[in-house]
Amino acid sequence: MIIEDLGMNGEGIAHENGKAVFMPFYLPGEIIENGKIIKKSEFRITPVCPYFKACGGCNLQHLKYEKTLKFKQNKIKNVLNKFKINVEVLECEPSAKIFNYRNKITLKCDGKKLGLYKLNSHEIVEIEDCKLASEEINSVIKIIKEIKINNIKEIIIQNYNKNILVTFKLINNDFNNIKLFKEKIKNYTKNYAIFAEYEDKTIFHAGEKYFIKEEFNIKYPFTNKSFYQVNDEIKNKIYSDILCNITSNDEVLDAYSGSGLLSAIIAKVAKKVVGVEIVKPATINANKLKEINKLCNLENINGDTAKLIDKIKFNVCVLDPPRAGVNIKVIQSLNMLMPEKIIYLSCNPATLARDLKLLENNYNIISLKPYDMFPNTCHVETLVIMCKKNNKF
Ligand SMILES: C[S@@+](CC[C@H](N)C(=O)[O-])C[C@H]1O[C@@H](n2cnc3c(N)ncnc32)[C@H](O)[C@@H]1O
């Protein structure tokens with residue numbers, strides 16, 4: 001069997017009896033017989049992680065990095081073609097760190113094994129470390145391995161430098177193992193925060209409640225309750241590219257604004273910014289950020305973008321929705337209100353293409369650029385700058 005192409009999830013695609021066959025971990029150009037590679041791709045490399053294939057986290061560790069960037073660019077091209085959107089897809093921005101780039105990991109636990117899920121399964125692959133996670137996170141995993149995990153179902157570890165946030169999701173209210181973890185992590189760092197979640201309650205257990213992080217001249221609380229992009233270096237590249245499209249006259253709607261970092265960064269440049277976010281703790285965080293940085297031109301509203309968009313005055317709209325993309329009602333409002341510019345950051349090419357199609361009568365795409373936020377996986381982040389038709393850019 002000859003592998004002809006790579007599918008959306010990085011799996012090899014071959015044809016047998018006229019039907020497409022999906023073959024994970026094989027590469028285009030390879031010839032497979034009885035599950036063995038008879039002819040290897042020149043772009044195949046040896047994966048560095050011992051859990052590769054068993055663990056569902058990575059699917060492209062066996063492919064040379066330059067080729068994974070091409071794969072991501074092509075993946076977007078293919079989806080746009082399906083929607084008949086004719087636009088140049090720029091080269092995928094590489095990540096400086098291909099490993100150890102993640103500032104957050106969610107470990108699964110079944111009382112005995114601690115690790116990550118297998119691909120398309122809820123079975124846990126026990127891991128000692130994760131090659132994608134930061135070195136600090138891997139040090140914390142080592143410490144967790146020294147405690148009993150029988151009452152834990154999930155552990156979320158976040159970091160920036162040696163500032164560590166750990167959230168234990170428990171199946172009962174026995175905190176003894178967490179107390180032991182606290183004693184052990186103290187030897188690793190002074191800057192830690194430990195939270196326990198049991199039933200619907202989050203209990204602050206020990207350390208600092210949050211840390212103050214500074215980027216783009218904005219100080220912001222780094223907490224366990226907010227959404228942050230996982231790859232800081234690529235996040236900062238994307239935010240810089242967004243800022244290049246904002247002027248001091250702009251009134252900006254930052255829809256799907258999360259914990260408000262991007263809104264605050266834009267507020268340093270724009271005339272006014274309104275951030276809209278549906279998760280209450282994230283808006284509370286965004287307001288803390290506004291207060292700490294004394295941003296009088298920033299307003300954070302907690303609510304649904306679809307319900308609020310018609311009540312907000314703006315000439316630039318930033319969209320950074322979850323994987324499901326932008327709600328149809330929001331698209332309809334944009335087509336009615338016609339802001340001068342739409343800046344769309346997407347983590348899902350399929351919903352991005354769907355939404356671009358719905359905006360194409362009124363908007364020209366000025367640029368469309370992929371960013372490798374998630375090296376070694378099939379995921380890709382895309383930034384699209386759109387300008388109202390007949391508008392001079
Ligand atoms: C990809 S995150 C964007 C976060 C932020 N822009 C950033 O860079 O940190 C998407 C955010 O959209 C929020 N969200 C989801 N549905 C929403 C809705 N209908 N209205 C407003 N926010 C929503 C989620 O809670 C999440 O924080």
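**Entry 1: a hairpin**

I began with the hairpin of strand 4 and strand 5, where two residues sit between the strands and N34 takes a positive phi near 50°. The model is predicted, and I kept that in mind for every entry. I then looked up how the two strands pair: strand 4 (residues 31-33) and strand 5 (residues 36-39) run in the antiparallel sense and share three bridges.

**Entry 2: domains**

I looked up how the protein chain is divided, and found domain 1 (1-44) and domain 2 (104-211). I also took the distance between their centres over C-alpha atoms, which is 38 Å.

I traced an open sheet of seven strands and wrote down the order 8-7-6-9-10-11-12, with mixed pairing. At its edges I found strand 8 (124-126) and strand 12 (201-207), each of which pairs on one side only. On average, neighbouring strands here are turned by 30° against each other, direction ignored.

Strand 6 (residues 104-109) and strand 7 (residues 114-117) pair in the antiparallel sense over two bridges. The bridge partner of C109 in strand 7 is L114.

Next I checked the helices against the strands. Helix 2 (residues 135-144) packs on the sheet and touches strand 6, strand 7, strand 9 (152-160) and strand 10 (163-170). The direction of helix 2 makes about 145° with that of strand 9. Helix 3 (residues 176-185) lies across strand 10, strand 11 (192-198) and strand 12, and runs at about 170° to strand 11.

I traced another open sheet of seven strands, in the order 17-16-15-18-19-21-20, and its pairing is mixed. Why is one side of strand 17 and of strand 20 left without a neighbour in the sheet? Strand 17 (298-302) and strand 20 (363-371) stand at the edges and have a single partner strand each, so one side of each has no neighbour there. Neighbouring strands of this sheet are turned by 15° against each other on average, direction ignored.

Strand 15 (residues 251-255) and strand 16 (residues 272-277) pair in the parallel sense, over five bridges. In strand 16, K272 is the bridge partner of E251. I also noted helix 9 (residues 349-359), which lies across strand 19 (341-346), strand 20 and strand 21 (381-388) and runs at about 165° to strand 19.

**Entry 3: L262**

I found L262 in helix 5 (residues 261-267). Is L262 buried or exposed? L262 counts as buried because it has 28 C-beta neighbours inside 10 Å, and the cut-off for buried is 20 or more. Leaving out residues up to four places away in sequence, I listed its contacts as Y239, D254, S257, V318 and D320. I also compared its position with that of I38: L262 and I38 are 224 residues apart in sequence and 49 Å apart in space, C-alpha to C-alpha.

**Entry 4: around the ligand**

How many residues surround the ligand? I found 20, and the closest are Y256, G258, I278, T305 and D320. The elements that give two or more residues to this shell are helix 5, strand 16 and helix 7 (305-308). By class, I noted 12 nonpolar, five polar and three charged residues in the shell.

Conventions
Residues are numbered from 1 along each chain as its sequence is written. This is a predicted model: local features need pLDDT of at least 70, side-chain atom pairs count only at pLDDT 80 or more; totals for chains, interfaces and linings use all residues. Two strands pair if DSSP finds at least two bridges between them. Helices (H or I, at least four residues) and strands (E, at least two) are DSSP runs, numbered from the N terminus. Axes are lines fitted to C-alpha atoms, for helices over the stretch in contact, and angles run from 0 to 180 degrees between N-to-C directions. Two residues are in contact if their C-beta atoms, placed from the backbone, lie within 7 Å. A residue is buried if 20 or more other C-beta atoms lie within 10 Å of its own, exposed if 12 or fewer, and partly exposed in between; C-beta atoms are placed from the backbone. Domain bounds come from an automatic or database domain assignment. A residue is near a molecule or strand if its C-beta atom, placed from the backbone, lies within 6 Å of it. Ala, Val, Leu, Ile, Met, Phe, Trp, Tyr, Cys and Pro count as nonpolar, Asp, Glu, Lys and Arg as charged, and the others, Gly among them, as polar.
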